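These are my notes on one structure, in the order in which I looked things up. I began with a sheet, went on to a helix, and ended with the rings.

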Amino acid sequence: MTPTPLNLPDAEHAEDWVRTRAADGLARTRELADRLRTDPPADALGALEVWDELSLELSNVAAVGSLLSNVHPLEAVRDVAEHAEQDAMRLQTELNLDRAIYDVFAGLDRADLDAQAGRLLDKVLESFTRSGVDRDDETRARVAAINERVTEIDQEFGRNIRDDVRTIRVTTDRLAGMPDDWLAAHPADDAGLVTVTTDYPDAIPVRMFAHDPEVRRDLTVQFLTRGWPQNEPLLTELFDLRHEMATLVGYDDWASYDADVKMIGKGPAIPEFIDRIAAAAESPMRSDLEALLERYRRDVPDATGIDSADGPYYQELVRKEQYDVDSQQVRTYFGFDRVRQGLLDVTGRLFGLRYDPVTDVVLWADDVTAYDVHRVDDDAHLGRIFLDLHPRDGKYKHAAQFTLTEGVTGRQLPEGVLVCNFPAGLMEHDHVVTLFHEFGHLVHHVLAGHGRWTRFAGVSTEWDFVEAPSQMLEEWAWDAAVLRTFATDGAGEPIPAELVERMRWADDYGKGVQARTQMFYASMSYFFHIERPADLRARMVELQERYSPFAYIDDTRMFASFGHLGGYSSAYYTYMWSLVIAKDLFSAFDPDDLFAPEVAGRYRDGVLAAGGSKDAADLVADFLGRPYKFDAYAAWLAR
Ligand SMILES: [Zn+2]
């Protein structure tokens, strides 16, 4: 029997509902943990079933907490939800360090387990040992202290970046080139000066559009010095602590510890990957730079290189002058309602799914829409999705897929939510690409919600693979034939294929520069963790010279505001890694018929529906009939 979807509360009852759901879920989690400690099932399968039930309870609290703290219109509900999520995370950490429960699992006889249950036992034991639960008391105390301090440092590091907003003040005439709406929002003060900050809504357009090179340079220097000096000692401490943590639980270094549960597998594979991308991007970067320098020299005749105070501005110029894409014209084809319906039609056709609008359900905001997802073949009810796509006060500011419930066969239907911030009228094509990307996560969540174990449900695949299905789905938003099925202007005319082609060329320009810039960042993320250099600036300059197309600007310290050193740690390579796999997966599709059902069906069932039940490398190899390769990515880069 198919489980029924969750009934969400109306605004009046939401606060109580979240509080009760969280309290009940945490209480049941504790009960199950207690049962494992005091009266565990004697057989391995029985013990795993209790653990899985516990995981589902805990994930339900964490998911509702995370979702509603990010989307609910009422602040009181957001607060209760935030606490629920924190409580769930705290309990998870506590359980990972629970020696009594670990001993139960370490002592199980796995002889009778099937392959999936055996895999689950491996993953459960791995989570425990990575937390250091099997070490002596002194080590465990040290690991706990390190974790606590790392969390503090990470928060302080991020706060220093956010809070260190720098400014330059310039006369209005020096802001020529800036868009009218930006200028209107930045009037001069009594002294006749405009304040420009290092926050993105100022820094990005000014570095891209301001004609005055000194304005761009002054702002860029400030931008690349955010967080310094205060973040340098924090980073040094962070790298030392992570190294200590990794060695305490038996790894050579932090990158090896981190890579062990990722598709890349081994720490030393990271610099190999970086160098491989850097080599593939060498010639594309050279030709990008040639075009860039040719344009640059018309203004700066004796230039031999270019740095990031001028790079973004001249890249934008080259794009505009050579490809002539009028983004105002492009927008007329992407009215929000048509795009949303187009997304559902395209993905429905591709994956053999039907989305039935759900109208008899309470939603947290008026503009949210809900759909029941059915498989067309057999009409099976696969899950429920919610699209929350417009900005609202107090709502999450970026674009992401949130889980409402994990799907487990016979127990719980998968439900997921897309949370984005698109305008209700005309959309940029970038927005359309983002929408397809995020929907890739959502459909992955729903399709992979029909296995036996919570641990393998949804997007529970390796962290450096999880972006691949989403990055691949972006391709459908770049295909002229696909776009012409829904991208029509006010008069009903579909977007011209020739315009889509120019959009693609303009988007392609700078891929080589982009890839090398990414590898500069990835190399910093890796080598800083591995080498823990005494002079971060000096090491950054070396890596910039080796990988980046743009020259170092004296006295800047970009590493101090490289926020991903916190969350991604040594694994900033992951985005590019997923992209390589995405290009390889996409190579299996027929470019002339992106909807060919055989390949799409195999991809749906073999890669997406499998969730975390197999290693990503095996899912990819099963689908492609061979191990993943670099070729498709390299060909795309060189195109
Ligand atoms: Zn993503």
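Predicted model: local features only at pLDDT ≥ 70, side-chain atom pairs only at ≥ 80, totals over all residues.

**Entry 1: terms and ground rules**

I count two strands as paired if DSSP finds at least two bridges between them. Strands (E, at least two residues) and helices (H or I, at least four) are DSSP runs, numbered from the N terminus. Residues are numbered from 1 along each chain as its sequence is written, and side-chain values use heavy atoms, with hydrogens and water left out.

**Entry 2: the sheet**

I looked up β4 and β5 and found them antiparallel, joined by six bridges. Their hairpin has five residues between the strands, and there D379 takes a positive phi near 65°. Y371 stands opposite I385 in β5.

In which order do the five strands of the open sheet lie? I read β3-β4-β5-β7-β6, with mixed pairing. The edge strands, each pairing on one side only, are β3 (353-358) and β6 (400-405). From one strand to the next the twist averages 25°.

β5 (residues 381-388) pairs with β7 (residues 415-419) in the parallel sense, over five bridges. Along this pairing I noted I385 opposite G416 in β7, and D388 with V419 as its bridge partner.

Next I checked what packs on the sheet. Helix α2 (residues 44-71) does, touching β5, β6 and β7. Contact here means heavy atoms within 4.5 Å. The direction of α2 makes about 135° with that of β6; axes are lines fitted to C-alpha atoms, for helices over the stretch in contact, and angles run from 0 to 180 degrees between N-to-C directions.

I call a residue buried under 20% relative accessible area, exposed over 50%, and partly exposed in between, using a 1.4 Å probe and protein chains only.

Why do I describe β5 as largely enclosed by the rest of the structure? Because eight of its eight residues are buried. I picked out R384, which lies in β5 and counts as buried at 9% relative accessibility. Leaving out residues up to four places away in sequence, R384 touches P5, L6, V358, V361, Y371, D372, P414, E415 and G416.

In β4 (residues 369-375) I took A370. A370 is buried, at 3% relative accessibility. With the sequence neighbours up to four places away excluded, the contacts of A370 include D356, P357, I385 and F386. From A370 to D356 I read 8.4 Å, C-alpha to C-alpha, across 14 residues of sequence.

**Entry 3: helix α13**

Helix α13 (residues 311-323) has 13 residues and reaches 18 Å from first C-alpha to last, close to the 18 Å expected at 1.5 Å a residue. The expected span is 1.5 Å times one less than the number of residues.

Which residues of α13 are buried? I listed G311, Y313, Y314, Q315, E316, L317, V318 and Y323. These pack against α8 (200-209), α9 (213-223), α12 (269-297), α19 (497-508) and α20 (511-531). D324 follows α13, with a positive phi near 50°.

**Entry 4: rings**

I pair rings of Phe, Tyr and Trp (its six-membered ring) if their centres lie within 6.5 Å; planes under 30 degrees apart are stacked, over 60 edge-to-face, and the rest tilted. A search of the whole structure gave 37 aromatic pairs.

Y355 and F439 have ring centres 5.8 Å apart and planes at 80°, so I logged the pair as edge-to-face. Y355 is in strand β3 and F439 in helix α16 (residues 429-447), so placed 84 residues apart that the pair links distant parts of the chain. Y355 is buried at 11% relative accessibility, and F439 is buried at 1%.

F589 and Y603 are also edge-to-face, with centres 6.0 Å apart and planes at 75°. F589 lies in the loop between α23 (574-586) and α24 (597-608), and Y603 in α24. Both are buried. One aromatic cluster holds F273, Y573, W577, Y628, F630, Y633 and W636.

Last, I looked for charges over rings, meaning NZ of Lys or CZ of Arg within 6 Å of the ring centre and within 35 degrees of the ring normal. R130 lies over the face of Y257, 3.8 Å from the ring centre, and R557 over that of W228, at 3.9 Å.
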